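Please open the model in your viewer and keep the selection tool at hand.

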Amino acid sequence: MNFHKTGVGAPVNNDRDMTPRYDIEFIEPGKYTQIALVGRVTQEAVLTVLNQISDDDRHSGRVGILWDFREASFDEMTLSAMRSMWQHQIDHRMNTSRRVALVYRDDVNRTILALWVEVASSSTGTERRCFTDIGDARNWLTGVDGPPAAG
């Protein structure tokens, strides 16, 4: 059985509405947490999600986190905001998962996520990879062999 939790902002009604919103799903067959973030990715939205999953007992003992950013935009994300998020994760010991998979759709997000993976992995000790295919990301999180990660 999978569990869903949604929040942050109003529903996206059209292509111009970039209000961040998210859906958290606790996937039982693979024992991972999947987060779909839609709209503009902000420091506030990411930290809200991280705080919610760290406070939820269902996240305990999971093998990893899958961040689905395919419908998200990093156009206003700054290096300063990323540093603040990394420091928050370190200060609050939020990365209890062994692996974090990040799924993206376009090259702009790929560049930002590649930077995120490089710096965050070295600062928190959690293995991170970027993917364009959500199935490959799920397989990597759960230990099923698949094609090499994009990235």
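The stops below concern a histidine, a glycine and a helix.

This is a predicted model, in which local features need pLDDT of at least 70, side-chain atom pairs count only at pLDDT 80 or more, and totals for chains, interfaces and linings use all residues. Residues are numbered from 1 along each chain as its sequence is written, and side-chain values use heavy atoms, with hydrogens and water left out.

Select His59 first. His59 lies in the loop between helix H1 (43-54) and strand S4 (64-68); helices (H or I, at least four residues) and strands (E, at least two) are DSSP runs, numbered from the N terminus. His59 counts as buried because its relative accessibility is 4%, buried meaning under 20% relative accessible area (1.4 Å probe, protein chains only).

Next, select Gly39, in strand S3 (residues 32-40). Gly39 is buried, at 3% relative accessibility. Leaving aside neighbours within four places in sequence, Gly39 is in contact with Met18, Thr19, Pro20, Glu71, Ala72 and Ser73, contact meaning heavy atoms within 4.5 Å.

Finally, select helix H2 (residues 79-91). Which residues of H2 are buried? They are Ala81, Met82, Met85, Trp86, His88 and Gln89. Seen down the axis of H2, these buried residues fall within an arc of 160°, so they line one face of the helix; the arc is that of the directions from the helix axis to the C-beta atoms.

Methods: Buried < 20%, exposed > 50% of the residue type's maximum accessible area, 1.4 Å probe, protein only.
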